[in-house]
Amino acid sequence: QQLRDAEELSVGELLGLGMAHELRHLLLGSDRHSRTGVMRPVWTHNDLKLALLLQCTFTDEQAARIRLDMRARMEAQAARQNPQLSSEVKGMLAAH
């Protein structure tokens, strides 16, 4: 039924939404879902319509958590590769 409701979306658009959803799980190491946006556990016909309008997004909290986690991963990787440059990377990331 849900795929029939998605006929307004191309295969690529539908796959892109699914990939964004799953990437969020991977980026945050969490299986949590939300009541709105791309992180809903099941997409409704209305969610798919909103996706066409590019309104099916991460919540502000989810986006902030993804950014924080990515910064932490970049800092940890820099520290492992070159401890001396680690403080420089932290400074650059803090500026953004």
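**Around S34 and beyond**

Trainee: Leaving aside neighbours within four places in sequence, which residues is S34 in contact with?
Mentor: Keep in mind that we're looking at a predicted model. S34 itself sits in the loop between α2 and α3. Skip its neighbours within four places in sequence, and the contacts of S34 are M39, R40, P41 and Q62.

Trainee: Okay, and which side chain does the side chain of S34 make a polar contact with?
Mentor: Q62 is already on the contact list of S34. The distance for the polar contact is 3.4 Å, and the partner of the S34 side chain is the side chain of Q62.

Trainee: Is S34 buried or exposed?
Mentor: Check the relative accessible area of S34, which is 16%. Buried means under 20%. So S34, at 16%, counts as buried.

Trainee: How much of the protein chain counts as buried?
Mentor: The protein chain has five helices and zero strands, running α-α-α-α-α from the N terminus on. There are 96 residues in the chain, and the share that counts as buried is 24%.

Trainee: How many salt bridges does a search of the whole structure find?
Mentor: Look at D69 and R73, whose side chains meet in a salt bridge at 2.7 Å, N to O. Search the whole structure and the count is one.

Trainee: By about how much of the helix are D69 and R73 separated?
Mentor: Both ends of this pair are partly exposed, with D69 at 22% relative accessibility and R73 at 40%. Because D69 and R73 are four residues apart in helix α4, their separation is about one helical turn.

Trainee: What accessible area does the nonpolar patch on the surface have together?
Mentor: Take L23, one of the patch residues, which lies in helix α2 (residues 11–28). L23 is partly exposed, with a relative accessible area of 45%.

Trainee: Last one: what share of the accessible surface of the protein chain belongs to carbon and sulfur atoms?
Mentor: Start from the accessible surface of the protein chain, about 6,900 Å². The share belonging to carbon and sulfur atoms is 58%.

Terms used
Residues are numbered from 1 along each chain as its sequence is written. This is a predicted model: local features need pLDDT of at least 70, side-chain atom pairs count only at pLDDT 80 or more; totals for chains, interfaces and linings use all residues. Side-chain values use heavy atoms; hydrogens and water are left out. Patches are made of residues with over 30% relative accessible area and no salt bridge: like charges are joined within 9 Å, nonpolar side chains (Val, Leu, Ile, Met, Phe, Trp, Tyr) within 5 Å. Accessible areas come from the Shrake-Rupley method with a 1.4 Å probe; for residues, only the protein chains shown count as cover. A salt bridge is a side-chain nitrogen of Lys or Arg within 4 Å of a carboxyl oxygen of Asp or Glu. Helices (H or I, at least four residues) and strands (E, at least two) are DSSP runs, numbered from the N terminus. Buried means under 20% relative accessible area, exposed over 50%, partly exposed in between (1.4 Å probe, protein chains only). A polar contact is a pair of N or O atoms within 3.5 Å; within protein, one must be able to donate a hydrogen and the other to accept it, and residues adjacent in sequence count only if both atoms are side-chain atoms. Contact means heavy atoms within 4.5 Å.
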